[in-house]
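Please keep the sequence and the model in view while reading.

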Amino acid sequence: MNLIRAWPIWLRFVLSGLLGGLAAFGLAPFGYWVASVLALVLVAPIFQSTETRARAAWIGWAFGTGYFAHALSWIVEPFLVDADRHAWMAPFALVFMAGGLALFWGLAFWVARRPGTRGVSQALFLALAISMAECARGYVLTGFPWAGLAQVWVETPVAQLLSLFGPYGLGALTLVSTLPLGAALALRSGVFVPLGISVASVALALGYAGTRPAVVETGHIVRLVQPNALQHQKWDPEFAPLFFARQIEFTAAEPQPDLIVWPETSVPAWLGSAQPYLDAIAEAARGTPVVLGIQRGDGPRIYNSMIYLDVDGAQQGLYDKHHLAPFGEYVPFGDVMAWFGIYGMAATTGHGFSAGSGAALLDAGPLGKALPLICYEAVFTQDVLSAPGRADFLLQITNDAWFGTRSGPYQHLAQAQMRAIEQGLPMMRSANTGVSAMIDPLGRITEALPLGQAGYIDAGLPAPQSATAYSRMGDNPVFAVLLVLFSLLWYGLRRRNL
């Protein structure tokens with residue numbers, strides 16, 4: 001008997017929201033994965049206690065809202081950069097973002113609540129429903145997979161399963177290993193099967209982590225430059241020359257590496273008029289290739305770009321960011337929003353940036369082929385999977401000054417680690433304010449420069465590993481398995497209730 005059914009619905013609603021907030025402690029910078037597991041185990045009995053689908057949906061929405069409100073609390077930071085213009089939107093952004101994303105989970109709770117059905121099977125149905133909702137959250141309307149459940153495992157051996165199943169598969173395994181167990185413990189019956197699933201999942205994760213190949217070094221040294229340009233000062237004419245000079249100083253430091261990487265939009269001029277700046281960079285680099293972020297215009301369109309300067313300082317590569325951040329780099333329905341004075345916060349002109357043509361490989365000379373990712377693009381596993389070929393390493397440049405100094409930059413870094421594990425490729429990451437890091441193909445940070453510190457690191461570049469199962473197959477097998485299991489369980493529960 002589920003004693004929680006005797007509790008008033010408002011109490012169950014509040015407890016669900018608190019449990020959602022608890023679950024987010026598994027994310028960076030905390031990394032308390034035990035809190036996430038505990039929250040998922042405890043929310044299952046509350047779900048089981050609901051008398052109707054509507055109440056189940058409210059419980060799911062409360063749990064999701066608590067989770068996303070805590071996980072995405074950093075989202076207020078961009079609105080405070082230019083507080084006079086944007087601060088009024090900050091609370092609305094957090095409330096609408098958390099509540100909007102929670103609708104995916106609320107819908108999953110609604111679908112999974114089968115009147116007349118209780119026990120472990122319904123909790124398993126819920127696990128599959130949330131897993132499918134998470135897949136939708138990562139893809140629908142350009143997607144926003146930030147704070148996915150798989151992220152809680154980044155600093156544990158469990159994260160190595162990303163190379164097999166990807167983030168949605170690992171997230172599903174997390175749910176299947178916790179929700180049915182919570183339901184069984186509450187009912188005090190049928191515990192052995194869900195407990196067996198949980199134990200088997202842990203054994204799989206630990207066993208697989210032990211089989212991962214050792215990381216080998218290439219012998220190449222990469223310099224990651226971090227100027228620590230605060231966002232409210234970044235484009236200020238009084239400060240911009242200081243930040244540029246700081247990067248020139250770091251670039252010129254001896255001994256010279258094999259590649260130098262500057263962060264996103266690190267040159268205080270548009271590409272068409274930046275030649276004096278590029279000449280200064282080439283002179284400081286003294287024959288070392290440089291990758292850097294810069295804005296460029298092409299007729300009426302503007303792009304957030306990355307360029308590669310060769311040993312002679314000549315531009316030999318260009319990549320335009322193609323997965324733009326909504327309300328940051330562009331505004332959906334921009335013409336309508338412009339009537340209300342709402343523009344993308346990172347846009348410097350017009351209604352925002354234009355999207356590039358898509359994922360591409362960048363020739364980095366002796367170091368091999370790079371898959372360029374600009375800021376937000378490293379959040380999307382599909383952006384990495386859509387590359388036209390296999391890279392030798394992942395290269396992310398970013399300006400995390402927008403994300404503040406609390407959880408945002410660390411969660412962004414954790415997602416970069418996930419992409420490295422999924423692909424079996426090293427990731428070099430240059431971030432304006434941090435955290436700049438070299439990440440090996442197992443997702444481990446080998447060298448890093450702390451958040452909020454100006455400087456540079458010279459880090460050895462690990463060699464790529466063989467293509468992982470996930471890098472070859474992508475998300476489609478996981479989507480198919482979830483759909484089949486969901487359909488079979490739905491059919492079985494339906495027949496049981498006839």
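## Helix 7

Helices (H or I, at least four residues) are DSSP runs numbered from the N terminus, as are strands (E, at least two).

Helix 7 is largely enclosed by the rest of the structure, because 12 of its 15 residues are buried. Buried means under 20% relative accessible area, exposed over 50%, and partly exposed in between (1.4 Å probe, protein chains only). Among the buried residues of helix 7 are Gly166, Pro167, Tyr168 and Gly169.

## Basis of the model

The model is predicted: local features need pLDDT of at least 70 and side-chain atom pairs count only at pLDDT 80 or more, while totals for chains, interfaces and linings use all residues. Residues are numbered from 1 along each chain as its sequence is written, and side-chain values use heavy atoms, with hydrogens and water left out.

## Aromatic pairs

The whole structure holds 27 aromatic pairs. Rings of Phe, Tyr and Trp (its six-membered ring) pair if their centres lie within 6.5 Å; planes under 30 degrees apart count as stacked, over 60 as edge-to-face and the rest as tilted. The rings of Trp58 and Trp61 are edge-to-face, because their planes lie at 85 degrees, with centres 5.8 Å apart.

Trp58 and Trp61 are 3 residues apart in helix 3 (residues 53–71), and so about one helical turn separates them. Trp58 is exposed, at 54% relative accessibility, whereas Trp61 is partly exposed, at 26%. Elsewhere, one aromatic cluster is formed by Trp74, Phe144, Trp146, Tyr376, Phe380 and Phe403.

## Nonpolar cores

A nonpolar core is a set of buried Ala, Val, Leu, Ile, Met, Phe, Trp, Tyr and Cys residues joined through side-chain atoms within 4.5 Å. The largest has 100 residues, and Val261 is one of those that touch the most other members. Another core, of 19 residues, lies apart from it and includes Phe250 and Leu271.

## Glu254

Glu254 lies in the loop between helix 11 (240–252) and strand 2 (259–261). Glu254 is exposed, at 55% relative accessibility. Leaving aside neighbours within four places in sequence, Glu254 is in contact (heavy atoms within 4.5 Å) with Arg223 and Arg286.
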